Amino acid sequence: MKILVVGGGNMGITYAKSLLNAHIVSNDSLMILEKSNEKAEQLKALNIGTIYGAPGEYVKEADLIILAVKPQDSEVLFPKIKGYIDRQQVVLSIMAGISIDTISQSLDCKKIIRAMPNLPAQVSSGMTVYTSSEDVTRIELVMVQNILNSTGKTIYVDQEKLIDASTAISGSGPAYVFFYIQTLIDSAQKLGFNKSQAELLAYTTFKGTINLFNKHNFSCEEWISKVASRGGTTEAALHSFRNNEVKLKLEEAYEAAFLRARELSN
Ligand SMILES: NC(=O)c1ccc[n+]([C@@H]2O[C@H](COP(=O)([O-])OP(=O)(O)OC[C@H]3O[C@@H](n4cnc5c(N)ncnc54)[C@H](OP(=O)(O)O)[C@@H]3O)[C@@H](O)[C@H]2O)c1
């Protein structure tokens, strides 16, 4: 099997490395199309597949084409590669907000899988939600599922609108988590810790909480009740969260991400 990754940025390289590490393709069967000279040079130094700077006949050799450019770059990319794409080729797009219909019309192809991964895919701890067009066969779907599984956990969904929903939750989610950790760091500094102490407090608390969560089968609500005793310090913070409608504000933020994904889709 030959695979072409279009876009050698964060996600494109994550996929290229996962494909090689999981022995899904050999170095000889992996192609990367990257327009940035600087990134192309970095990739050549890493010895990950064959690097191309512009589309060409080689695109036709790929059994699977992974689209990993920014959504806003797709309009420029599509007409450039359209002429090289065969209707039998499988296209896997990880671009946020670009619908299966748009990809099908822009590239004149019909076997399309749309996936929404997230950045922890870089360390094989990603969460990917994916769906496919009707023309993708069961065997092709299993092939792509194996690729996605090499980057972490996956969920297949029937409805494409759930891809936009997953963009707002797991796709953008790591940024929300980092935002929350940063608020802990900032508050620790305000309370008198120096920067490195504040970072240690926040990162260790976060890692420890996740480790604990992974060890036992309790829900978040149950864990909260284990930390917060009646009339205690944690309850004071939770009370402040409620008074300030923090949950509602966060839900509004996730909704904004979802609406933006829908807007891009349209
Ligand atoms: N990063 C995430 O956490 C995340 C999560 C889920 C989904 N995604 C999706 O993954 C996709 C890629 O995101 P990313 O973070 O990897 O972006 P990125 O780091 O900016 O990588 C995109 C790469 O594609 C290159 N490129 C742009 N137009 C091209 C063209 N016509 N031909 C070849 N290469 C081209 C860019 O080059 P230049 O730098 O020169 O423009 C860049 O190196 C996006 O569509 C995003 O929605 C990302």
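Modeller: Two residues are said to be in contact if their C-beta atoms, placed from the backbone, lie within 7 Å. By that rule Thr154, leaving aside neighbours within four places in sequence, is in contact with Thr128, Tyr130, Gln145, Leu148 and Asn149. The model is a predicted one, in which local features need pLDDT of at least 70 and side-chain atom pairs count only at pLDDT 80 or more, while totals for chains, interfaces and linings use all residues. Residue numbers start from 1 along each chain as its sequence is written.

Thr154 belongs to strand S8, where strands (E, at least two residues) and helices (H or I, at least four) are DSSP runs numbered from the N terminus. For burial, a residue is buried if 20 or more other C-beta atoms lie within 10 Å of its own, exposed if 12 or fewer, and partly exposed in between, with C-beta atoms placed from the backbone. Thr154 has 19 C-beta neighbours inside 10 Å and therefore counts as partly exposed. Along the chain Thr154 and Val129 are 25 residues apart, yet their C-alpha atoms are separated by 5.7 Å.

Lys153 is also found in S8, which covers residues 152-156. This lysine is partly exposed because 15 other C-beta atoms lie within 10 Å. Lys153 and Thr128 are 25 residues apart in sequence, and 6.3 Å separates them in space, C-alpha to C-alpha.

Most residues other than glycine have a negative phi. Ser124, however, has a positive phi, near 55°. With 16 other C-beta atoms within 10 Å, Ser124 is partly exposed. Glu245 likewise has a positive phi, of about 50°, although it is not a glycine. Its place is in the loop between helix H10 (233-243) and helix H11 (246-265). Glu245 has 11 other C-beta atoms within 10 Å, so it is exposed.

Strand S6 (residues 111-116) has six of its six residues buried, so it is largely enclosed by the rest of the structure. One side of S6 carries Lys111, Ile113 and Ala115 and the other carries Ile112, Arg114 and Met116, all of them buried. Strands pair here if DSSP finds at least two bridges between them. S6 runs parallel to strand S5 (residues 90-93), and four bridges join the two. Through one of these links, Leu92 has Ile113 as its bridge partner in S6.

Strand S1 (residues 3-6) also has both faces covered, with Ile3 and Val5 buried on one side and Leu4 and Val6 buried on the other. S1 and strand S2 (residues 30-33) run parallel and are joined by four bridges.

Not counting residues up to four places away in sequence, Ala68 touches Val5, Val6, Gly7, Gly9, Met11, Gly12, Tyr15 and Ile94.

The ligand is surrounded by 27 residues, the closest being Gly7, Gly9, Ser36, Met95 and Ala96. The elements that give two or more residues to this shell are H1 and helix H3 (74-82), and H1 gives the most, with three.

For the whole protein, an automatic or database assignment sets the domain bounds, giving domain 1 (3-158) and domain 2 (173-265). The C-alpha centres of the two domains lie 33 Å apart. Eight residues of domain 1 are in contact with five residues of domain 2. The protein has 11 helices and eight strands, and its C-alpha trace spans about 70 × 40 × 35 Å along the principal axes. Of its 266 residues, 30% are buried. Among contacts between residues at least 6 apart in sequence, 62% join residues at least 24 apart.

How values were computed. A residue is near a molecule or strand if its C-beta atom, placed from the backbone, lies within 6 Å of it.
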